[in-house]
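Biologist: I'm new to this one. Can you walk me through it?

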Amino acid sequence: MSFATYGDLASTFQTRHLNARMKQDLSRLGMELATGRKSDMTSATSGDYGPIAGIEHSLKLLTAHKQATNEAATLTATAQLVLGNIQEQAQDVSSGLIGAISSHNTTLIGVTAVDAREKFASIISSLNTNVGGRSLFAGAATDGQALADTDTIISALLSAASGQTTASGVAMQIDAWFDDVGGGFETTGYIGADADMGPIQLGNGETVSLSTKADSTEIRDLLSALAKSVVISEGVLSGDATAQRELSALASSELLGAIDGLTMTRARVGAVEARIENATVQNAAERAALELARNELTAVDPYETATALKALYGQMESLYTVTARLSKLSFTDYMR
């Protein structure tokens with residue numbers, strides 16, 4: 001029987017080759033265990049990268065859609081918060097007006113008018129809210145304010161109501177300022193865009209936009225009702241307690257209707273919020289399905305990889321042990 005033998009030089013090269021291959025395998029298995037992904041994608045996909053490329057493209061689109069839905073959710077949530085705050089302030093003024101009118105107290109009507117002015121200024125400031133560099137209620141003009149400042153609007157209202165000596169006359173001028181096409185509100189008060197804010201892509205061809213603007217009928221009605229009380233604090237109908245009481249009564253009555261209108265506006269914003277939430281859930285479900293499909297193509301079994309890694313450690317230890325013993329082998333030991 002003959003045995004294949006290797007010379008010393010050949011044995012050295014063979015040992016080095018085995019050592020290098022084991023180190024390469026060790027590095028590969030360690031990387032796969034750490035990342036959870038196969039390192040040789042060509043073998044994993046049989047050279048067909050189409051499915052993986054399609055999945056990766058879809059995941060990138062979903063990442064963009066996630067950012068868009070997050071932005072849309074922030075805008076609508078802030079708009080809902082602002083509108084809720086405006087509604088609460090309007091309700092406070094309405095309650096104050098009802099109490100003042102019932103008391104027949106001229107001083108109390110004046111105090112309520114001052115409070116209405118403060119609330120009016122706060123509401124205008126709220127309607128100029130900016131989120132992430134985008135104005136919420138200015139339509140497509142997201143880089144600017146929706147309304148002029150409070151002093152400018154009140155000054156314009158006082159000019160419109162000047163010369164009026166009756167509550168109905170003042171109310172008519174204020175209504176005209178807010179409601180007339182090309183009137184004071186459209187030329188001086190509202191400084192946003194006529195067009196709505198641009199749509200936001202939610203995914204799968206679905207878009208959503210925040211169409212509530214500061215020039216909507218509901219907000220105009222609310223501001224007009226408040227303004228009828230506000231001008232009293234600026235001296236309109238001064239000295240005529242009966243006329244001031246009548247104007248306060250008009251403001252109170254219209255304010256109740258305006259608050260109901262604002263409730264409908266908030267409901268529309270809520271419907272948009274619901275669409276965004278549905279899109280967010282759908283996108284998350286689609287993303288989970290795509291990641292599962294990608295894992296089936298590219299992921300390694302962590303148990304099998306860890307087992308192979310442990311076995312490779314044992315092989316390397318055996319190789320090092322044999323190499324160390326051979327390096328200490330003397331001619332006498334070899335002849336034994």
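Biologist: At what angle do α6 and α8 pack, and how far apart are their axes?

Modeller: Keep in mind that this is a predicted model. The angle between α6 and α8 is about 145 degrees. Their axes lie 10 Å apart.

Biologist: Is that crossing left-handed or right-handed?

Modeller: α6 and α8 make a right-handed crossing.

Biologist: Which residues of α6 and α8 meet there?

Modeller: From α6, they are V170, A171, I174, D175, F178 and D179. On the α8 side, they are R220, D221, L223, S224, A227, K228 and V231.

Biologist: And α4 with α8? What are the angle and the axis distance?

Modeller: About 145 degrees, with the axes of α4 and α8 7 Å apart. That crossing is left-handed.

Biologist: Which residues make up the α4 and α8 meeting?

Modeller: α4 brings T112, A113, V114, A116, R117, F120, I123 and L127. α8 answers with I219, L223, L226, A227, S229, V230, I232 and S233.

Biologist: Let's zoom out. How many helices and strands does the chain have?

Modeller: There are 11 helices and four strands. The chain has 336 residues, and 37% of them are buried.

Biologist: What share of the contacts with a separation of 6 or more joins residues 24 or more positions apart?

Modeller: That share is 77%.

Biologist: Now α5. How many residues does it have, and how far does it reach?

Modeller: α5 runs over residues 150-161, so to speak a 12-residue helix. From first C-alpha to last it reaches 16 Å, close to the 16 Å expected.

Biologist: Which α5 residues are buried?

Modeller: T150, I153, I154, A156, L157 and A161. They sit on the same side of α5, because they cover an arc of only 160 degrees around its axis.

Biologist: Why would residues three or four places apart point the same way?

Modeller: An α-helix has 3.6 residues a turn, so residues at that spacing point the same way.

Biologist: What covers the buried residues of α5?

Modeller: The cover includes α4, α6, α7 and α8.

Biologist: And which exposed residues are on the face turned away?

Modeller: D151 and S159 are carried there.

Biologist: What happens at the start of α5?

Modeller: D149 has a side-chain oxygen within 3.3 Å of the backbone nitrogen of D151. Just after α5, G163 has a positive phi of about 90 degrees.

Biologist: Switching to L147. Where is it?

Modeller: L147 is in the loop between β2 and α5. It counts as buried because its relative accessible area is 0%.

Biologist: What is L147 in contact with, beyond its neighbours in sequence?

Modeller: Leaving aside neighbours within four places, the contacts of L147 include I124, L127, F185, Y190, A214 and L223. T188 is 41 residues away from L147 in sequence, yet the two C-alpha atoms are 8.4 Å apart.

Biologist: Last one, S135. Which strand is it in?

Modeller: S135 belongs to β2, residues 134-135.

Biologist: Is S135 buried or exposed?

Modeller: Buried, because its relative accessibility is 1%.

Biologist: Which backbone oxygen does the S135 side chain reach?

Modeller: That of G144, at 2.9 Å. Beyond four places in sequence, S135 is also in contact with others, including T129, N130, A141, Q145 and M197.

Terms used. Residues are numbered from 1 along each chain as its sequence is written. This is a predicted model: local features need pLDDT of at least 70, side-chain atom pairs count only at pLDDT 80 or more; totals for chains, interfaces and linings use all residues. Side-chain values use heavy atoms; hydrogens and water are left out. Helices (H or I, at least four residues) and strands (E, at least two) are DSSP runs, numbered from the N terminus. The expected span of a helix is 1.5 Å times one less than its number of residues. Buried means under 20% relative accessible area, exposed over 50%, partly exposed in between (1.4 Å probe, protein chains only). The arc is that of the directions from the helix axis to the C-beta atoms. Contact means heavy atoms within 4.5 Å. A polar contact is a pair of N or O atoms within 3.5 Å; within protein, one must be able to donate a hydrogen and the other to accept it, and residues adjacent in sequence count only if both atoms are side-chain atoms. Axes are lines fitted to C-alpha atoms, for helices over the stretch in contact, and angles run from 0 to 180 degrees between N-to-C directions. A crossing is left-handed if the near helix is turned anticlockwise from the far one by less than a right angle, and right-handed if clockwise.
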